Amino acid sequence: MDGMKDGIVRYKAVGKVVVVSFQRGQIREEREILKALEELGKYIETHPGTNVLLNLDNVEYLSSAGLGNLVGLLKKSRRSTGHFKLCNLQTSILELFEVMRLTKIFEIFETEESAVQSFAAQTEAAH
């Protein structure tokens, strides 16, 4: 799992969290992003209960299809008793999330570290 790569996507384990990030800087290729989100959906379905953090640091653009995929990932994660959070959104994407009111359904963090800590706090609260 650690450092596993699938083309433009990198999966790494940080404690009990799987951090998924996009490799290349400034990814604009819509098809690549959608394919990566689809793969992540399959990963969530086959690893129930997983805490997934999607680091969108290198993503500069998300279409409505991309946003729809993220909502789908959140639902899949909840169905499989996992948690799905986002971090490092570019300003333009964060503004889009605010306009679409997605900030109300997603947990969004400024940094990877703060997001990873939030999973740990959630786990402790559950016990």
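**View 1. Helices α1 and α2 meet side by side in this predicted model.** Glu30, Leu34, Leu37, Leu40, Gly41, Ile44 and Glu45 of α1 are in contact with Ala65, Gly66, Asn69, Leu70, Leu73, Lys76 and Ser77 of α2, where contact means heavy atoms within 4.5 Å. By class, this meeting place holds 7 nonpolar, 4 polar and 3 charged residues; Ala, Val, Leu, Ile, Met, Phe, Trp, Tyr, Cys and Pro count as nonpolar, Asp, Glu, Lys and Arg as charged, and the others, Gly among them, as polar. The angle between α1 (residues 30-46) and α2 (residues 64-79) is about 5°, and their axes lie 10 Å apart. Axes are lines fitted to C-alpha atoms, for helices over the stretch in contact, with angles from 0 to 180 degrees between N-to-C directions. The two helices are therefore roughly parallel, a label for angles under 35 degrees.

Residues are numbered from 1 along each chain as its sequence is written, and side-chain values use heavy atoms, leaving out hydrogens and water. Helices (H or I, at least four residues) and strands (E, at least two) are DSSP runs, numbered from the N terminus.

**View 2. Strand β4 is mostly covered.** In β4 (residues 51-55), 5 of 5 residues are buried, meaning under 20% relative accessible area with a 1.4 Å probe, protein chains only. Asn51, Leu53 and Asn55 point one way, while Val52 and Leu54 point the other. In a regular strand, side chains alternate between the two faces of the sheet.

**View 3. Strand β4 pairs with both β3 and β5.** Strands pair if DSSP finds at least two bridges between them. β3 (residues 17-22) and β4 run in the parallel sense over 5 bridges, with Val18 partnered by Val52. β4 and β5 (residues 83-87) also pair in the parallel sense over 5 bridges, and Asn51 stands opposite His83. From β4 the chain passes through α2 to β5 in a right-handed β-α-β crossover: with the strands pointing away from the viewer, the path from the first strand over the helix to the second runs clockwise.

**View 4. Ser21 sits in strand β3.** Ser21 counts as buried because its relative accessibility is 13%. Leaving aside residues up to four places away in sequence, Ser21 touches Ile8, Val9, Arg10 and Asn55. The C-alpha atoms of Ser21 and Ile8 are 8.4 Å apart.

Definitions and conventions
This is a predicted model: local features need pLDDT of at least 70, side-chain atom pairs count only at pLDDT 80 or more; totals for chains, interfaces and linings use all residues. Angles under 35 degrees count as roughly parallel, over 145 as roughly antiparallel, 65 to 115 as roughly perpendicular and the rest as oblique. Buried means under 20% relative accessible area, exposed over 50%, partly exposed in between (1.4 Å probe, protein chains only).
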